[in-house]
Structures are given as structure tokens and as C-alpha cells.
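Please look over the sequence and the model before reading on.

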Amino acid sequence: MTKTPDSASVKRAASTIRIGKRYRASRVDKDYDAIVIGSGIGGLATAACLSKQGKKVLVLEQHYTAGGFTHSYSRNGYEWDVGVHYIGDMGSPNTLARKIFDYITDGELKWAPMDEVYDRFYIGEDVYDLRAGKDGFRASILAAFPDEGHTIDRYMKMLGKVASGMQAYTLGKVVPTIAAPVYNRALKMLLPDYFNKTTYEVLSSLTSNQRLIAVLAGQWGDCGVPPRQSSFLIHALIAKHYMHGGYYPLGGASRIAETIIPVIQASGGDVFTYADVKEILTEQGKGKKATGVRMADGETLSAPLIISNAGALNTYEKLLPESARVHSKYQAKRPTVSPSMSHLGMYIGLKGTSEELGLPKTNFWIYPEENYDETIEAFKKDPSLPFPVVYISFPSAKDPSYATRYPGRSAIEIVAPTTFEQFEQWKDTTWGKRGEDYEALKQTLTDRMLEVLYTKLPQLRGRIDYFETSTPLSTDFFCRYSQGEIYGLTHDTERFEQSWLRPQTPVKGLWLTGQDALTCGVVGAMISGVMTSAAALGLRSVPMLRNLLTWKPGELSSNGTVQSETA
């Protein structure tokens with residue numbers, strides 16, 4: 001094994017990317033129409049949609065830069081994203097996802113396509129590619145499983161039916177609370193019976209070929225739940241989302257927040273960083289109506305609408321007072337959901353261009369074997385076993401502007417599952433000052449991830465110039481997910497039966513947005529932002545939705561400039 005430099009000895013400069021304005025109480029106005037807690041894509045999308053309707057919105061982000069899991073950071077001459085590894089449905093301006101992105105950025109966010117092979121699965125010694133387009137997808141699976149054409153066709157039809165059913169499911173999130181029970185009962189009769197079965201249950205009803213099931217479920221890391229536990233709903237949404245290939249933001253993931261913020265500001269709104277919300281204030285302490293927030297510096301800010309993008313668990317357990325939790329009957333709801341899987345992140349910088357180093361525009365998913373659920377369970381009991389999955393992404397290859405912005409340099413990102421228990425003893429320590437034992441554990445995990453990288457790209461051995469590894473404690477520190485989870489709540493079948501996971505809460509004036517309100521992923525959380533905006537606006541959302549669906553490049557933007565045609 002080739003040892004990397006000890007992680008504790010690597011000198012790290014501060015990130016040079018700062019999106020948003022640093023919070024000071026003196027900089028905050030007093031007449032906002034809405035306050036959004038958290039600047040992840042759900043919060044930013046909500047704020048942008050409300051701003052498009054003339055609302056003055058305040059977004060409060062506790063991190064040093066806006067964007068949540070869509071933020072980027074630059075250090076020691078390299079740049080990485082932390083969660084935007086690829087986005088689907090960006091190749092056409094007519095997809096819903098692309099329409100929303102264009103609407104909330106005034107068309108300023110541009111996209112670069114990945115290779116035709118956007119995902120590559122290594123399962124044991126075998127390799128399987130997913131190619132862009134329905135025909136490409138079908139051909140790539142059929143090439144590996146020539147006798148399973150009928151199975152593949154049935155599977156692709158089922159993906160389409162789930163996507164169609166998802167429209168009705170999403171509508172159920174915004175119908176008035178009083179009508180939701182009746183709507184949800186009717187919904188169950190309309191949706192296909194496999195809509196919320198487990199992924200494995202549905203796939204095994206199509207074929208007994210376990211390797212084919214493993215290949216079809218090879219993107220399970222995109223929701224963090226293996227196929228025997230995940231809902232087929234989320235599996236189908238992910239598979240269909242990437243069916244036409246993967247795309248990456250031109251200029252890096254930070255361009256997402258950077259292009260949305262001017263839309264929020266155009267209506268007088270603000271996006272503040274280092275803005276730590278400690279409590280959601282409720283009227284007369286009874287917890288029946290949200291009236292504002294209390295900041296870490298003791299300042300109180302008020303608005304008619306309080307929108308939390310901090311996640312359902314954080315909102316109910318950390319931000320709301322006890323009286324509001326009792327009023328919401330939260331304790332009875334809590335056992336129905338759990339945090340998603342903890343993860344490690346590794347960020348690597350190399351001297352040399354992506355072309356010189358042979359870095360592809362294809363994601364690598366590396367599995368030791370096809371029995372995903374079994375390897376996960378074994379790993380949880382013994383984390384010294386091989387990682388159940390290692391995901392490798394190459395942002396410098398995906399973004400054509402990287403070579404211009406960082407000449408002669410390249411970047412790699414690695415994500416792997418872990419257990420929170422490995423790091424729990426350091427939970428109350430300070431980031432960057434957790435001691436030698438913590439750094440030694442990180443070094444061991446770093447070396448293990450690198451060895452997986454070298455098995456697929458051996459030419460990189462000895463070429464690493466800089467690296468750092470994040471643990472669940474890092475995720476907790478920067479993104480306030482206390483178990484180091486990247487996908488919020490676990491996307492199992494139980495989660496999708498919970499009618500209380502919706503924008504409107506039992507606390508009047510308090511709304512939820514982000515991945516816990518709908519589904520994980522950048523687009524899922526972004527759609528929840530539209531959904532929350534529509535629910536909060538009521539009938540006044542009709543012009544917003546009409547404008548969103550009909551917005552075209554070249555129209556007048558919110559800041560009064562005319563947008564050019566997109567590439």
C-alpha cells in the first residue's frame with residue numbers, strides 16, 4: 001500500500017468560495033415577508049419562487065457559504081463540490097427540472113453534459129455501463145443480459161408509470177391538510193401497486209437473475225438505501241431522472257446558489273451566511289403560530305412566513321419549543337422515520353489536467369459483490385470489512401471551465417458509507433481539533449478509499465498533491481445533520497407513508513421545504529421548494545406556476561435585464 005501524507009500534517013488554507021453576505025444584525029431589515037432557515041436548494045428555490053411573486057425573503061444560512069449540499073469549496077488551489085456530483089434531465093429546456101432551474105436562476109445557470117456512459121458499475125470483477133437515452137440505456141443492459149429483453153422493457157415501462165404517479169403523489173403534499181386524508185385514500189387506488197413496495201421486491205417480481213437486479217439497482221447510493229430497504233418510488237425516480245444522461249453545472253456547483261441569489265435580491269431579499277438560527281419563535285409560547293426566529297447572537301427576527309429547510313428532525317427537535325412539538329403531536333410521528341446512512345467524503349487534488357491523468361466524465365460505482373443489503377449489514381457490524389460501495393466522481397473532467405479556472409490541476413471526489421458509532425466519541429469536540437486518534441482513524445479510512453481508487457485508475461498512484469477527508473462529524477458541523485447523513489430521512493417504504501412530511505405543519509405560519517418534504521437529491525429538494533412556495537401562496541401561486549412552466553430564455557428577468565438564449 002502506498003501511504004499518502006498524514007492527513008493531520010496537511011496544511012489547509014481557508015476556502016476562497018464565499019457565496020452570500022455575512023450576517024450582522026445591523027445589516028438585516030425588519031420588514032421581510034418570509035424567513036427561510038437554511039440555504040440548501042430547497043430553501044433557495046422556495047425563496048426564489050416567492051421572490052418572483054414580489055415577496056421580500058430573508059434566507060439565513062449558518063455555514064460560511066450559501067448552497068447547503070450544493071455548495072462548493074476551494075482550497076490549496078483546487079475546487080470540489082460536496083453533493084452535486086451530477087444532475088439529470090438538463091439536456092432539454094422542456095423538462096420540469098430544467099424549467100425550474102431556468103426559472104429560479106433567470107436562465108443564468110448553464111450545464112455541461114457528461115460522457116454518453118454516465119454511470120459505470122464495478123460489481124466484483126465485472127463491469128457494467130449505463131448509456132444515455134432510452135435506447136442507449138436499454139442497449140447497455142441488454143448487451144450484458146441478452147435473454148432479458150422482455151424484463152428490461154417491463155422495467156422501463158414501470159419507471160414511467162411511477163414518474164406519472166409521482167405527480168399525483170406530489171399534489172397530495174399541497175392539498176389543504178383537512179382534505180389530505182381523503183385525497184391520500186383515493187391516491188392509493190390510483191397508483192400502481194408497486195409504487196411504494198421495496199425496490200428488491202419489485203425487481204425480483206420481474207426477474208430471478210440476481211446480477212441483473214444488482215445492475216438495475218446499481219444507483220442505490222443516490223438515495224443511500226440498498227434495494228431490500230428502499231422504496232421503489234425513489235429508485236424509479238432516480239433511474240428515470242438519469243435516463244437521458246448526466247449533466248454538471250458549468251462553473252462548478254457553487255454557480256447554483258450564485259445564480260439564484262440575484263433573483264432573491266431583486267425583490268429586496270437577502271441571503272446571509274454565518275447566520276445561525278437557534279429557535280423558531282411561536283406566539284405566546286403556545287406553539288400554535290410561528291412568528292419569527294431567534295439568532296445565536298440573541299437577535300429576534302419576525303415575518304409572517306417561517307420556512308424551514310433545516311430538515312424535519314432539526315426543525316421539530318432542535319428549533320421548535322416543546323409546546324410546539326406537543327401541539328404538533330410530533331412524538332407519535334417520530335418513530336416512523338430515521339436518519340439516512342452516514343458517509344465519508346474524500347476530496348483529492350492532483351497536478352495535471354483531467355486529460356493528462358485519464359480522468360473520465362463517468363461516475364464509478366464500485367461494489368465488492370452483488371448482495372448489497374448483506375454487505376451493508378456486515379459492514380455495520382464490522383467496519384473493517386471492505387466498503388459496501390465506493391463512489392468516485394471527477395468534477396474537473398465534468399466541468400469544461402475547470403481547466404481555465406484551475407490551469408494544470410484536477411480534482412476527484414470519493415464517497416463511501418460509514419457508521420456514526422466509529423466517530424461518536426468525538427461528537428462534542430471542535431472541528432479541526434479532534435486529536436491524534438481521530439486523525440489516525442481518518443488516515444486509515446483515507447488509505448482504504450485510495451486503494452479502491454487505484455484499483456481502477458492505477459496511473460494516479462503517487463500523483464496526489466492534496467487531499468482531505470470528511471467524516472460524519474464534519475457533515476454535522478457544516479450542514480447540521482447530526483448523524484452525518486447526506487440524504488436527510490431514510491427513503492424506505494415507511495417514510496413515504498407519512499402524510500405529515502409535507503410543507504404545511506401543524507404550527508400556523510411554519511412550513512417545511514427541502515428533501516424531507518418530498519424526496520432527496522438536488523432536483524427532488526428543488527421541486528419541494530416550488531411545492532412549498534405554492535402551498536404557502538395558495539391560489540396566489542397560480543401566476544407563479546404558469547410563469548414557471550412557460551418561462552423561456554430571452555424573456556425579461558426579475559432584475560430587468562433580457563436573458564440571452566441558452567446554449
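What follows describes a predicted model, taken one part at a time.

**The sheet**

Strands of a sheet pair through backbone hydrogen bonds, in either a parallel or an antiparallel way. In this model, six strands build an open sheet, arranged in the order β1-β11-β3-β2-β15-β21, and their pairing is parallel. The edges are taken by β1 (21-22) and β21, and each of these has a single partner strand, so one side of each is left without a neighbour in the sheet. Within the sheet, strand β3 (residues 57-60) pairs with strand β11 (residues 270-273) in the parallel sense over three bridges, and leucine 60 has phenylalanine 272 in β11 as its bridge partner. Helix α19 (residues 522-537) lies across β15 (305-308) and β21, and its direction makes an angle of about 155° with β21.

**Two packed helices**

Two packed helices are described by the angle between their axes and by the distance between those axes. Helix α2 (residues 96-105) packs against helix α9 (residues 254-265) at an angle of about 55°, and their axes are 7 Å apart. That angle makes α2 oblique to α9. The table lists the residues through which the two helices meet.

| Helix | Residues that meet the other helix |
|---|---|
| α2 | Phe101, Ile104, Thr105 |
| α9 | Ile256, Thr259, Ile260, Val263 |

**The nonpolar cores**

The largest nonpolar core has 71 residues, and those touching the most other members are Ile123, Phe137, Ile141, Tyr155, Leu203 and Phe232. Helix α4 (residues 149-171) supplies the largest share of this core, namely eight residues. Which residues are in contact with tyrosine 155, leaving aside its neighbours within four places in sequence? They are Phe137, Leu203, Leu206, Leu216, Phe232, His235 and Ala239.

**Proline 506**

Proline 506 sits in the loop between α18 (472-479) and β21 (510-512). Is proline 506 buried, exposed or partly exposed? Its relative accessible area is 35%, so proline 506 counts as partly exposed. Not counting residues up to four places away in sequence, proline 506 touches Lys288, Tyr316, His327, Ser328 and Lys333. Along the chain, proline 506 and alanine 312 are 194 residues apart, and their C-alpha atoms are separated by 13 Å.

Note on methods. Residues are numbered from 1 along each chain as its sequence is written. This is a predicted model: local features need pLDDT of at least 70, side-chain atom pairs count only at pLDDT 80 or more; totals for chains, interfaces and linings use all residues. Side-chain values use heavy atoms; hydrogens and water are left out. Helices (H or I, at least four residues) and strands (E, at least two) are DSSP runs, numbered from the N terminus. Buried means under 20% relative accessible area, exposed over 50%, partly exposed in between (1.4 Å probe, protein chains only). Contact means heavy atoms within 4.5 Å. Axes are lines fitted to C-alpha atoms, for helices over the stretch in contact, and angles run from 0 to 180 degrees between N-to-C directions. Angles under 35 degrees count as roughly parallel, over 145 as roughly antiparallel, 65 to 115 as roughly perpendicular and the rest as oblique. A nonpolar core is a set of buried Ala, Val, Leu, Ile, Met, Phe, Trp, Tyr and Cys residues joined through side-chain atoms within 4.5 Å. Two strands pair if DSSP finds at least two bridges between them.
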